Amino acid sequence: MEKELPDVTIKIILLGEANVGKSSIMNQMVHKNFDLMYTTTIGVDFFIKNLIYDNLHYKLQIWDTAGQEKFANLINNYYRTASCAIVVFDITNYNSFKKVDKCIEAFNCHTDSERPIILVGNKIDLHRIREVSLEEARDKADKYNSVYLECSAKRDNNIQNIFTCKL
């Protein structure tokens with residue numbers, strides 16, 4: 001049986017501080033799985049997700065990057081060929097939100113043209129200890145002409161929409 005070729009291939013890079021849930025978001029999207037045990041991403045992990053959206057076959061190449069500063073130079077190499085960036089922060093950790101500017105500026109600096117950026121506030125299941133307001137997050141997205149979405153990787157809330165909102 002011949003494997004169907006995708007109509008569109010999109011390389012997506014996940015950016016953000018350590019512990020914001022980038023790997024959890026990716027695992028929910030690709031494997032429909034949430035792991036309660038935290039494992040630090042070393043460098044970059046790579047996954048493929050095929051999906052049909054609006055009668056087109058998309059092949060998503062998802063690059064999950066490490067959030068630690070020590071991997072910044074390695075990650076810079078992945079920006080150039082990315083179709084778009086998903087920048088993730090934790091709504092219960094204001095410091096992770098403050099680092100969003102740095103992530104977006106690094107992405108824009110290493111790409112030769114303007115690429116779509118999706119800003120994602122993760123961990124909405126922990127809304128009772130929220131440190132980043134919806135208004136602040138939307139203002140940040142507007143600053144970069146980006147889409148803003150909130151999700152819970154743990155509960156699989158809004159994960160699919162993150163990856164299909166710009167298709």
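**View 1. His57 and the residues it touches.** His57 touches Glu4, Leu5, Pro6, Asp7, Val8, Asn50, Leu51 and Ile52, leaving aside residues up to four places away in sequence; contact here means heavy atoms within 4.5 Å. His57 lies in strand S3 (residues 56–65), where helices (H or I, at least four residues) and strands (E, at least two) are DSSP runs numbered from the N terminus. With 10% relative accessibility, His57 counts as buried (buried is under 20% relative accessible area, exposed over 50%, partly exposed in between, with a 1.4 Å probe and protein chains only). This is a predicted model, in which local features need pLDDT of at least 70 and side-chain atom pairs count only at pLDDT 80 or more, while totals for chains, interfaces and linings use all residues. Residues are numbered from 1 along each chain as its sequence is written, and side-chain values use heavy atoms, without hydrogens and water.

**View 2. Strand S4 and its partners.** Seven of the seven residues in S4 (residues 84–90) are buried. S4 pairs in the parallel sense with S1 (residues 8–15) over four bridges and with S5 (residues 117–122) over six bridges; pairing takes at least two DSSP bridges between two strands. Look for Ile12 opposite Cys84, and Ile86 opposite Ile118.

**View 3. A salt bridge between Lys140 and Asp101.** The closest N and O atoms of this salt bridge are 2.6 Å apart (the term means a side-chain nitrogen of Lys or Arg within 4 Å of a carboxyl oxygen of Asp or Glu).
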